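I opened this entry to look up how the parts of the chain are divided and how they meet. The sequence and the model come first.

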Amino acid sequence: MLSEVLLVSAPGKVILHGEHAVVHGKVALAVALNLRTFLRLQPHSNGKVDLSLPNIGIKWAWDVARLQLLDTSFLEQGDATTPTPELVEKLKEVAGLPDDCAVTESLAVLAFLYLYLSICRKQSLDIVVWSELPHGAGLGSSAAYSVCLAAALLTVCEEIPNPLKDGDRVNRWTKEDLELINKWAFQGERVIHGNPSGVDNAVSTWGGALRYQQGKISSLKRPPALQILLTNTKVPRNTRTLVAGVRNRLLKFPEIVAPLLTSIDAISLECERVLGEMGEAPAPEQYLVLEELIDMNQHHLNALGVGHASLDQLCQVTRAHGLHSKLTGAGGGGCGITLLKPGLEQPEVEATKQALTSCGFDCWETSIGAPGVSIHSATSLDSRVQQALDGL
């Protein structure tokens, strides 16, 4: 077992194009969001496994020797046993969770315990996970958590090598190792979500941009890292209800809604083509095309019935500053993204952020197309992240 401290990060995700249409067999483009989840793993010899999740106020500890005595035969060590509902119930018994434990806290603990017991159940470890991602906003926070856990546990138990060499500030694993990380992270996601698509953990593992259609996932080659504003309207929404609403509208107006879904598919494909051409040296006219696609898709999503007054307000505010926005995810509130073109003066960006904040929204300036799961040296993390991991 490795003895050094491991520092791992993984990105969140946003849907660039293809929301709701993807449910009906169309293409969706998912991109890595450079708001990241960070994990610090420290091996120790006190005989305990400690898990701290400061974002949701969790501190949990288990005695390693006691875990060894429990019946964990339902887990096949060394392989990704499918976490069925029955398995999750057995995990709850092993975890010793109280009956009044909140669902979010319970699932986060169970996903950790599943991965720990499956990958390296005898190790004494102290693990802290802290995230820049807002929880429950449809930005892949649970996937980033699962990816960080899988990468750190596989590395500390030497199932995969540590790619960080002397003098490196940050590095990434090989393609084969990333595939193993992604496999385990998907199982962690299954503990949390039951039947996830696999898109969120794939984006968090590989980074960049992915194309998803009918269960098939493929990476876009060399997508540019685009600067954006990410805005959380903080309006809660129910994804299942919104998806059902689109389905009902399709049944009621098939000759109207089916062409809308086909058009959204065409927007995704055109965006994929443009991103592929942008590469290392994007041209101004390519950003103009991306802006047009954003506007068209937002209008289509409104026509599908998944818009919201808060999202309209977001689009109006950014349009007043010459910028283009669309919802990302299920809609009905939630989050929106705004494209920032190169050369935009920082005072204008700050004025836009201030205008959005004054609407009661949360706003971050970040990028999409970010690197996937990575391992860091301590000096590569800024003081804010270090302090959060240290519990300060």
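My notes on the domains and their interface follow.

I am working with a predicted model, in which local features need pLDDT of at least 70 and side-chain atom pairs count only at pLDDT 80 or more, while totals for chains, interfaces and linings use all residues. Residues are numbered from 1 along each chain as its sequence is written, and side-chain values use heavy atoms, with hydrogens and water left out.

I looked up the division first: domain 1 takes in 6-221 + 373-390 and domain 2 takes in 226-368, with bounds that come from an automatic or database domain assignment. Their C-alpha centres are 28 Å apart.

I then turned to the interface, where 25 residues of domain 1 contact 36 residues of domain 2 (contact means heavy atoms within 4.5 Å). The area buried between the two domains is about 2,600 Å², with 67% of it from carbon and sulfur atoms; buried area is the accessible area (1.4 Å probe) that two parts lose on being put together, summed over both.

I found two salt bridges counted between domain 1 and domain 2, a salt bridge being a side-chain nitrogen of Lys or Arg within 4 Å of a carboxyl oxygen of Asp or Glu. The side chains of R211 and E272 form a salt bridge at 3.1 Å, N to O.

On the side of domain 1 that touches domain 2, β1 (6-17) and β2 (28-43) each supply at least two residues, and β2 gives the most, with six. I took these strands as DSSP runs (E, at least two residues), numbered from the N terminus.

Definitions and conventions
Helix = DSSP H or I, 4+ residues; strand = E, 2+ residues; numbered from the N terminus.
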